[in-house]
Amino acid sequence: MALSTSSNFAKPDDAFRAIVEAHRGLNDEQSADLDAALVLILANHIGDLDVLKEAIALAARRMLDASHQQQQQQQ
């Protein structure tokens, strides 16, 4: 199974909104705990270590790219 990076949601804005709403009223620690639990639940649902590793690498690259862009904007 290959990592799907295109939207699989009929209503992607609703999916995003559900995630945002799940964090409403949580402090930073609770929000991080929710994210960690959600990641583990969804990783288990995927059940494919290669896909999970690909997703981790993609997320790490996106964070690094965002960090570089932020640094460039500050210069």
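In which helix is the place of Asn44?

Author: Asn44 has its place in helix H2. This is a predicted model, in which local features need pLDDT of at least 70 and side-chain atom pairs count only at pLDDT 80 or more, while totals for chains, interfaces and linings use all residues. Residues are numbered from 1 along each chain as its sequence is written, and side-chain values use heavy atoms, with hydrogens and water left out.

Helices here are DSSP runs of H or I with at least four residues, strands are runs of E with at least two, and both are numbered from the N terminus. Helix H2 covers residues 28–46. At 63% relative accessibility, Asn44 is exposed; the term exposed stands for over 50% relative accessible area, buried for under 20%, and partly exposed for what lies in between, with a 1.4 Å probe and protein chains only. Between the C-alpha atoms of Asn44 and Ala22 there are 20 Å in space, and the two residues are 22 apart in sequence.

Ile41 also has its place in helix H2. Its relative accessible area of 55% makes Ile41 exposed. Together with Ile19, Leu38 and Leu42, Ile41 forms a nonpolar patch on the surface, and the four have about 350 Å² of accessible area together. Such areas come from the Shrake-Rupley method with a 1.4 Å probe, and for residues only the protein chains shown count as cover. A patch is made of residues with over 30% relative accessible area and no salt bridge; nonpolar side chains (Val, Leu, Ile, Met, Phe, Trp, Tyr) are joined within 5 Å, and like charges within 9 Å. Helix H2 contributes the most to this nonpolar patch, namely three residues.

The charged side chains of the neighbouring sequence deserve a word. A salt bridge is a side-chain nitrogen of Lys or Arg within 4 Å of a carboxyl oxygen of Asp or Glu, and the whole structure holds two of them. In one, Arg17 pairs with Asp14, with 2.8 Å between the closest N and O atoms. These two residues are about one helical turn apart, because they lie three residues from each other in helix H1 (residues 12–23). Arg17 is partly exposed at 46% relative accessibility, and Asp14 is partly exposed at 39%. In the other, Arg24 is bridged to Glu21, the closest N and O atoms being 2.5 Å apart. Arg24 is exposed at 57%, whereas Glu21 is partly exposed at 40%.

Leu49 is exposed, at 53% relative accessibility.

The wider context is as follows. The protein has three helices and zero strands, in the order α-α-α from the N terminus on. Its radius of gyration is 15 Å, whereas a compact globule of 75 residues would have one near 11 Å; the radius is taken over C-alpha atoms, and the globule rule is 2.2 Å times the number of residues to the power 0.38. The C-alpha trace spans about 40 × 35 × 25 Å along its principal axes. Buried residues make up 9% of the 75 residues. Carbon and sulfur atoms hold 56% of the accessible surface of about 6,600 Å².
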